[in-house]
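Me: I would like to learn how to read salt bridges in a model. Please take me through some cases.

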Amino acid sequence: MGVMQTKIMRGARVAGAVTAGLLALLAVVPAQAATLTRTEPAQDKSLALPAPTGAQPVGTVSLHLVDRGRPDPWVPSEKARELMVSLWYPAEKGAGGRPARYMTDEEAEALLKGQNLTGVPSEVISGAKTHATTGARPAGRKGALPLIVLSPGFTMSRSSLTSLAEELASRGYVVVGIDHVHESYGTSLPGDRLAGCAACKEQEADPWAFGAKAVKGRQADVSFVLDRLLGRHPVWKGARLIDRSRIGMAGHSVGGSSATWTMLKDSRVRAGVNMDGTFFVPIPDKGLARPFMLMGAGEVHEPGGKDFTWGRDWARMTEWKRWITVEGGDHTSFTDYPLLTKQSARELEVTRAYVVAFMDRHLRGREQELLDGPSATFPEAKFWK
């Protein structure tokens, strides 16, 4: 039990490292940042996501989806399950529009409060420079673009995977990032509402039970989002561009843990990646017969490491598979957070390279030498299986 609790909380409490990173940033962020209005985000170059390396511009749009077929798993008095999702996608070149915000001020404030950080302007985070244009016209042929689902770690919002999403979109993927409402410190909802972390109490009370419940709930969330994107009346105007036969999923922490269960329950998801997440719901004995990649941080997720669930479920993956760890990495290495904690984009570079290579291989049929073994370009990536 102690191992599992530690594993989840590493995703939730990185306050010390974030504090140090933010204090360093505050030395170069303009003094007026704290007084900027909501329509003037502080997009100083000191806090900017690395630019995507693909050839295509990136557009983005946020959607509010409501599943009226089930109550919220964390707040049963809410008789419908609300979700906020962001779509990133290849956009037409030369399309005008405003740069997308990283997150809302309210979400940034909730993140800072959840991390017990004081004296840091929320605009330092909400105003981080992104590389997507809000509402840009989608580009592509009908039925030509693979779709990737991204599920963030516990207490983290969908924005924590923005850099990975922008990279994939710049390379011709449609990406849908999901905020699993009540599982992050704060999710902005229509009507000036902010949903807090109702799930946090359950996680603190019983990490194992929480993990299994979260994984199964996230599978339901993902399947619902796919229904709304791929159904007869899709919620996004660019949905016709999606190739519904080529869908993958990648997640961080409990989001990665949810990928195997989602693949077992929803055959539309053909390939998956778990980035440093404990498998709370085991793969059944019959196995998972679709491609899967494990990416973990340091010694915790090496074979024989503290997280025994990787070895257990690895043995039940019966198709193409890889087990990779990032030497010197930590639980947040697969998110945007190293930009704050370490003032470095190196870990993002590693994550983006391997996730893109995996999706290109299994959704596009393109051989990827990067996945065949150790690389001089990324010597910190260790291959175990």
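Predicted model: local features only at pLDDT ≥ 70, side-chain atom pairs only at ≥ 80, totals over all residues.

Me: How far apart are the closest N and O atoms of Arg364 and Asp360?

Reply: Side chains of opposite charge can pair when their charged atoms come close. In the salt bridge between Arg364 and Asp360, the closest N and O atoms are 3.2 Å apart.

Me: Is Asp360 buried or exposed?

Reply: Asp360 is buried, because its relative accessible area is 7% and the cut-off for buried is under 20%.

Me: Which parts of the chain does the pair of Lys342 and Asp330 link?

Reply: Lys342 and Asp330 form a salt bridge with 3.4 Å between the closest N and O atoms. The pair links distant parts of the chain, twelve residues apart. Lys342 sits in the loop between helices H10 and H11, and Asp330 in the loop between strand E11 and H10. Lys342 is partly exposed at 34% relative accessible area, and Asp330 is partly exposed at 26%.

Me: What about Arg246 and Asp243: are they buried or exposed?

Reply: Arg246 counts as buried at 19% relative accessibility, and Asp243 counts as buried at 15%. Their salt bridge has its closest N and O atoms 2.7 Å apart.

Me: How many salt bridges does the count come to?

Reply: The count comes to 26 salt bridges.

Methods: Residues numbered from 1 in each chain as written. Heavy atoms only, no water. Salt bridge = Lys/Arg side-chain N within 4 Å of Asp/Glu carboxyl O. Buried < 20%, exposed > 50% of the residue type's maximum accessible area, 1.4 Å probe, protein only. Helix = DSSP H or I, 4+ residues; strand = E, 2+ residues; numbered from the N terminus.
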